[in-house]
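Thanks for coming. I have one model to go through today, and I will keep to the parts that can be checked on screen.

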Amino acid sequence: VQATGATAFVDKSADPASCWRTWRAGWPGYAGEPTSTSTHRMPGAPSTSGEGASAETSAERRATVLVVDDDPEIARLLEKVLASRYDVVTVFDGESAVAACKDKPIDAVFCDVRMPAMNGADVYRAATASNEKLASRFVFVTAYQEEVERTILADVDNRIVIKKPFSMREVLAAASRVLAAA
C-alpha cells in the first residue's frame, strides 16, 4: 500500500465483534470516497440475522452481492439496503467489478448502466464470460430505463432493470428474485 501512496482503512463499526470493512484511498481518481470496499466476516462469527455462532459452511454462507456504481452515494445506498440480508462487495468502476467477479465468490450483481470506461453491458459480458452463473443474476440500475433497454442493453437477455430512484423493497425483491434463480 505504501508503495502506491495509498492508505488502507479498517472500519469495525458494522459489527465490531465479528465483522470489519476495509477500503483503499489514495488511488488515482480518489476524491474523498473509497475506490473499493469489502466487508469481511470472521469465520465462526455469529451471523447478523441473529442465528447462533457456528462454523461457516457453504450451506450456511450468506449470498454475496456485488454493487457497481460510479456514484458513491448510490453505491452506498444499495450497499446499505442489501447488507441487511447479504454480504456486499462494493466497487466504483467496471474494471474493478470484473476483477471482483474473478476473485471473489459473487452470487449476484447490481450494476449501474452508465459508467465511464466500461458501461453495465460491458461489465455483464466480461463478468459472465468468466462466471456463467451470473448471467441470470445481474440487476441493472439506471435513471434512463427505456433508452438504456433499447440501446446499451439491447443484446442482454433476461435482464432485470431497476430505475432510479428506487425503493428499498424494489432492491430487495430484485435480489431475492435473481438469487432464487440459482
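Take the contacts in the chain with a separation of 6 or more: 49% of them are between residues 24 or more positions apart. This is a predicted model, so please keep that in mind for everything that follows. The chain has 182 residues, and 43% of them are buried. Its accessible surface is about 9,600 Å², with 52% of that belonging to carbon and sulfur atoms.

The secondary structure amounts to five helices and eight strands. Read from the N terminus, the order is β-β-β-β-α-β-α-β-α-β-α-β-α.

Now strand 4. Five of its five residues are buried, so strand 4 is largely enclosed by the rest of the structure. In a regular strand, side chains alternate between the two faces of the sheet. Here T64, L66 and V68 point one way, V65 and V67 point the other way, and all are buried. Which sense does the pairing of strand 4 with strand 5 have? The two strands pair in the parallel sense, over five bridges.

D87 comes back in the salt bridges. The structure holds six of them. R62 sits in the loop between strand 3 (36-41) and strand 4 (64-68), while D87 belongs to strand 5 (residues 87-91), so the pair ties together parts that are 25 residues apart in sequence. Are these two residues buried or exposed? Both R62 and D87 are buried.

Another salt bridge joins the side chains of K133 and D107, at 3.4 Å, N to O. This pair also links distant parts of the chain: K133 lies in the loop between helix 3 (120-130) and strand 7, D107 in the loop between helix 2 (94-103) and strand 6, and they are 26 residues apart. K133 is partly exposed, with a relative accessible area of 37%. D107 has 7% relative accessibility and therefore counts as buried, because buried means under 20%.

The next case is local. D122 forms a salt bridge with R125, and their closest N and O atoms are 3.1 Å apart. Because the two are three residues apart in helix 3, about one helical turn separates D122 from R125. D122 is partly exposed at a relative accessible area of 27%, and R125 also counts as partly exposed, at 38%. Elsewhere, salt bridges that share partners join D69, D112 and K164 into one network.

Last, helix 5, residues 168-180. At 1.5 Å a residue, its 13 residues should span 18 Å, and the end C-alpha atoms are 18 Å apart, which agrees. Where do its buried residues sit around the axis? The buried ones are V171, L172, A174, A175, V178 and L179. They cover an arc of only 160 degrees, so they are on the same side of helix 5.

Technical notes:
Residues are numbered from 1 along each chain as its sequence is written. This is a predicted model: local features need pLDDT of at least 70, side-chain atom pairs count only at pLDDT 80 or more; totals for chains, interfaces and linings use all residues. Side-chain values use heavy atoms; hydrogens and water are left out. Helices (H or I, at least four residues) and strands (E, at least two) are DSSP runs, numbered from the N terminus. Buried means under 20% relative accessible area, exposed over 50%, partly exposed in between (1.4 Å probe, protein chains only). Contact means heavy atoms within 4.5 Å. Accessible areas come from the Shrake-Rupley method with a 1.4 Å probe; for residues, only the protein chains shown count as cover. The expected span of a helix is 1.5 Å times one less than its number of residues. The arc is that of the directions from the helix axis to the C-beta atoms. A salt bridge is a side-chain nitrogen of Lys or Arg within 4 Å of a carboxyl oxygen of Asp or Glu. Two strands pair if DSSP finds at least two bridges between them.
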